[in-house]
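User: Please take me through this structure. Keep it brief.

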Amino acid sequence: MNDSVKKVFSYDYRHLWALPATTVMVSCVGKSGSPNIITIAACGVASSSPPLISLAIGVNQYSLRLIKETGDFVVNVPSSEQAYITDWCGSVSGRYVNKFVEGKLTPGRSIKVKSPYIVECPVNYECTLWKSVDCGSHELVLGEVQLIHIDRDKLDDSERGLDPAKFNPLVSFQQEYWSLNGRIAEWHFTRRRV
Ligand SMILES: Cc1cc2nc3c(=O)[nH]c(=O)nc-3n(C[C@H](O)[C@H](O)[C@H](O)COP(=O)(O)O)c2cc1C
């Protein structure tokens, strides 16, 4: 093959994000009972039976500690209109800030797990911690889906599935936020001085 067709890179963090990724807010609660939220772009489906969602969480993240304390979490899928609050939850730490209170997010009482879900997010997966794997800088956290909450107004007419015309998820691509309609902003745009 002609070498000029492809430029070859050794590892570069930036190029990991050529993988478009659903960007979620994961809610959790530790033994103290104070709930927290962490934004995660490294999220995917790991298995359908058992139904597993994977999250790569930095080994020193406060939220990882909380997830291990209670053994559960909720994966909340924001819509593309929720880029600001998603970015903010990924820019401050629950060690210092109550993200539900300061972010004006409503904790909903989950049915199967202790962690609350985020009422404002259209889709919420209640998960129990199935396994976590040490991968180096991050742990691969696998959550077994126990229940799924979906806003009724985002469902199709049969009320069985999501209607893509009604729910436009927030996607990360090349360290920027995109909707399925196009680019919204770069990551950490909430840190910009106004
Ligand atoms: C768009 C975006 C995506 C992120 N993805 C991840 C991720 O996949 N894994 C991770 O450990 N941290 C990720 N972060 C960083 C955490 O969300 C951030 O460090 C957060 O403040 C941790 O919150 P905590 O200290 O309350 O646990 C991301 C941040 C942003 C803004």
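The questions below cover the ligand shell, a sheet and a loop residue.

User: Which element gives the most residues to the shell around the ligand?
Analyst: This is a predicted model. In it, 23 residues surround the ligand, and the closest are Ala42, Ser63, Gly90, Ser93 and Gly94. Strand S3 (35-40), strand S5 (51-58) and helix H2 (62-70) each give two or more residues to that shell. With four residues, the top contributor is S3.

User: Which strands stand at the edges of the open sheet, and why is one side of each left without a neighbour?
Analyst: Four strands form this sheet, with antiparallel pairing, in the order S1-S11-S12-S13.

User: Which residue in S12 stands opposite Phe173?
Analyst: S11 covers residues 171-173 and S12 covers residues 176-179. The two strands pair in the antiparallel sense over three bridges. Opposite Phe173 stands Glu176.

User: Is Asn98 buried or exposed?
Analyst: Asn98 lies in the loop between helix H3 (83-89) and helix H4 (99-102). It has 12 other C-beta atoms within 10 Å. The cut-off for exposed is 12 or fewer, so Asn98 is exposed.

User: What separates the C-alpha atoms of Asn98 and Leu64?
Analyst: Along the chain, Asn98 and Leu64 are 34 residues apart. Their C-alpha atoms are separated by 16 Å.

How values were computed
Residues numbered from 1 in each chain as written. Predicted model: local features only at pLDDT ≥ 70, side-chain atom pairs only at ≥ 80, totals over all residues. Near = placed C-beta within 6 Å. Pairing = 2+ DSSP bridges. Buried ≥ 20, exposed ≤ 12 C-beta atoms within 10 Å, placed from the backbone.
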